[in-house]
2 protein chains.
Amino acid sequence: MKIEAIAVDIDGTITDTKRRLCIDAIKALRDAEKLGIKVTLVTGNILCYAYATSTLIGLSGGVVAENGGVIYVNDEVNVLGDIKKAKKAYNYLKSIYPVEKVQFSELRVSEIAIKRTIPVEIIKDALKDFDVEVYDTKFAIHLTDPKVDKGSSLKILTKKLGIDLEKTIAIGDSENDLEFLDVAGVKVAVANANKELKEIADYVTKKPYGSGVAEAIKKYVTLS
Amino acid sequence: MKIEAIAVDIDGTITDTKRRLCIDAIKALRDAEKLGIKVTLVTGNILCYAYATSTLIGLSGGVVAENGGVIYVNDEVNVLGDIKKAKKAYNYLKSIYPVEKVQFSELRVSEIAIKRTIPVEIIKDALKDFDVEVYDTKFAIHLTDPKVDKGSSLKILTKKLGIDLEKTIAIGDSENDLEFLDVAGVKVAVANANKELKEIADYVTKKPYGSGVAEAIKKYVTLS
């Protein structure tokens, strides 16, 4: 099967734990783009951050940001998630725990991300009756509109680009990556990925972070 | 002289003409940070983009964004430029020419950046009676509050970090970099820089873009 596209998470997948881009990943993704393979970034981060990452690497497949709440493709932004749900949940959470939003929270338009100062299980329990999905990405805890996820939004984006998801490699590391690995033909978890992601993966890389991404691209794409 | 800090422009300096980060620059800047040298990004781009670039490379010296209109240091944002001046100039410009703002213009808080569809000399002439500085960065044309520039804002930022500007290398490529090279002890223009910048530089690199940045760091900082 000829791979048409790569969908890849940012933090913990093409970056290290300090959010620094791995050189191996940059090189491998650029090589893939040279072969005409479109690379889409699929992240919990805000659009502007994801757009910067895509531009700085040199990718052409657009962006899924805010865990599916926002997509950016063909110079167009679409907000798909409803931030009102997150606001309601956050206001309740704030009334019972000293929670704090992450940096640049004012730029987040479809969900709310909070600092990981309280165990995610406590937050999940506190919000079990609210209409939000709670994700722990190891970088932040996200309160997201359950109507969107990285998978459903990647579907919309790839349709706009005419990409066949069956011929797409999806690569991630954490629980908010489950849904977008699920919709892709080839599912890859990097070595540092959490257990649930490794269980559904077609391939778990031997190397962690960006070196794992490079390893997966080498395995599934014949690089010239 | 022991170098304490590096202040470096993004587009056209650590990136190529397509705004892709140069691997050479990433490596050299990371090596400098390992030696305890603080690296500050000084750009005409918006804060969020500059912050992403700083994080993805792994830099600790904060950010001067929007040509000095915004600084970010120690987790704090300061807006120093007055966007009302740019708005007035832009509205006039729009009434006589078909100008268009660049992407994510809604995130720009102190100045306005427009696409390079009209020669900058025509824009400078049209706005000669307005209270704005007009910069052409080769990526966009910026209408900036004349009360701020990359140099005056770098001064404020380095003071907050306790950095001695005399022991700082400044590296840039275009006319909006003149002021911040001017305030630094060591002034470097990359090989692709414009004439004016090369004229005031202590050193013009042999190599262009990020390879030039790596060359300058090697020349002025003893890398282990």
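Helices (H or I, at least four residues) and strands (E, at least two) are DSSP runs, numbered from the N terminus. With that numbering, Gly62(A) sits in the loop between H2 and strand E3 (63-65) of chain A. The model described here is predicted. In it, 26 residues of chain B are in contact with 26 residues of chain A, and the structure holds 30 salt bridges over all chains.

**Interface of chain B and chain A**

- About 2,300 Å² is buried between chain B and chain A, and 71% of this area is on carbon and sulfur atoms.
- On the side of chain B, the residues that lose the most area to chain A are Tyr49(B), Leu56(B) and Phe104(B), which together make up 27% of what that side buries.
- Between the two chains, 10 residue pairs are in polar contact, both residues being at pLDDT 80 or more, while the number of salt bridges found across this interface is zero.
- Helix H1 (23-34) and helix H2 (47-57) of chain B each supply at least two residues of the side that touches chain A.
- H2(B) gives the most to that side of chain B, with nine residues.

**Helix H2 of chain B**

- H2(B) is mostly covered, as 11 of its 11 residues are buried.
- Among the buried residues of H2(B) are Tyr49(B) and Leu56(B), along with Cys48(B), Tyr51(B) and Thr53(B).
- The cover over the buried residues of H2(B) includes helix H2 (47-57) of chain A, and from chain B it includes H1, strand E2 (38-42), strand E3 (63-65), strand E4 (70-73) and strand E5 (76-79).
- Gly58(B) follows H2(B) and has a positive phi, near 100 degrees.

**Loop residues of chain A**

- Gly62(A) counts as buried because its relative accessibility is 12%, and buried means under 20%.
- Not counting residues up to four places away in sequence, Gly62(A) touches Val39(A), Thr40(A), Leu41(A), Tyr72(A) and Leu157(A).
- Gly62(A) and Leu157(A) are 95 residues apart along the chain, and their C-alpha atoms are separated by 7.8 Å.
- Ser110(A) lies in the loop between helix H3 (83-96) and strand E6 (112-114) of chain A, and at 1% relative accessibility Ser110(A) counts as buried.
- The side chain of Ser110(A) makes a polar contact of 2.6 Å with the side chain of Glu66(A).
- Leaving aside neighbours within four places in sequence, the residues in contact with Ser110(A) include Glu66(A), Gly69(A), Val79(A) and Asp82(A).
- Asp164(A) is in the loop between helix H5 (150-161) and strand E9 (168-172) of chain A, and Asp164(A) is partly exposed at 32% relative accessible area.
- A polar atom of the side chain of Asp164(A) lies 2.9 Å from the backbone nitrogen of Glu166(A).
- Asp164(A) and Gly185(A) are 21 residues apart in sequence, with 8.8 Å between their C-alpha atoms.

**Positive phi in chain A**

- Most residues other than glycine have a negative phi.
- Asp75(A) is not a glycine and has a positive phi, near 65 degrees.
- Asp75(A) belongs to the loop between strand E4 (70-73) and E5 of chain A, and at 62% relative accessibility Asp75(A) counts as exposed.
- Lys138(A), also not a glycine, has a positive phi of about 75 degrees.
- Lys138(A) is in the loop between strand E7 (133-136) and strand E8 (141-144) of chain A.

**A surface patch on chain A**

- Val77(A), Val79(A) and Val109(A) form a nonpolar patch on the surface, and their accessible area together is about 220 Å².
- Val77(A) is in strand E5 (residues 76-79) of chain A, and Val77(A) is partly exposed, with a relative accessible area of 41%.

**Salt bridges**

- Asp131(A) and Lys85(A) meet through their side chains in a salt bridge of 3.3 Å, N to O.
- Asp131(A) lies in the loop between helix H4 (120-126) and E7, and Lys85(A) lies in helix H3, so this pair ties together parts of chain A that are 46 residues apart in sequence.
- Asp131(A) is partly exposed at 44% relative accessible area, whereas Lys85(A) is buried at 17%.
- Lys128(A) forms a salt bridge with Asp125(A), with 3.9 Å between the closest N and O atoms.
- Lys128(A) counts as exposed at 58% relative accessibility, and Asp125(A) is partly exposed at 47%.
- In chain B, the side chains of Arg19(B) and Asp11(B) meet in a salt bridge of 3.2 Å, N to O.
- Arg19(B) is buried at 18% relative accessible area, and Asp11(B) is buried at 10%.
- Asp9(A), Lys150(A) and Asp177(A) are joined into one network by salt bridges that share partners.

Terms used
Residues are numbered from 1 along each chain as its sequence is written. Chains are lettered from A and ligands numbered from 1 in the order in which they are written. This is a predicted model: local features need pLDDT of at least 70, side-chain atom pairs count only at pLDDT 80 or more; totals for chains, interfaces and linings use all residues. Side-chain values use heavy atoms; hydrogens and water are left out. Patches are made of residues with over 30% relative accessible area and no salt bridge: like charges are joined within 9 Å, nonpolar side chains (Val, Leu, Ile, Met, Phe, Trp, Tyr) within 5 Å. Accessible areas come from the Shrake-Rupley method with a 1.4 Å probe; for residues, only the protein chains shown count as cover. A salt bridge is a side-chain nitrogen of Lys or Arg within 4 Å of a carboxyl oxygen of Asp or Glu. Buried means under 20% relative accessible area, exposed over 50%, partly exposed in between (1.4 Å probe, protein chains only). A polar contact is a pair of N or O atoms within 3.5 Å; within protein, one must be able to donate a hydrogen and the other to accept it, and residues adjacent in sequence count only if both atoms are side-chain atoms. Contact means heavy atoms within 4.5 Å. Buried area is the accessible area (1.4 Å probe) that two parts lose on being put together, summed over both.
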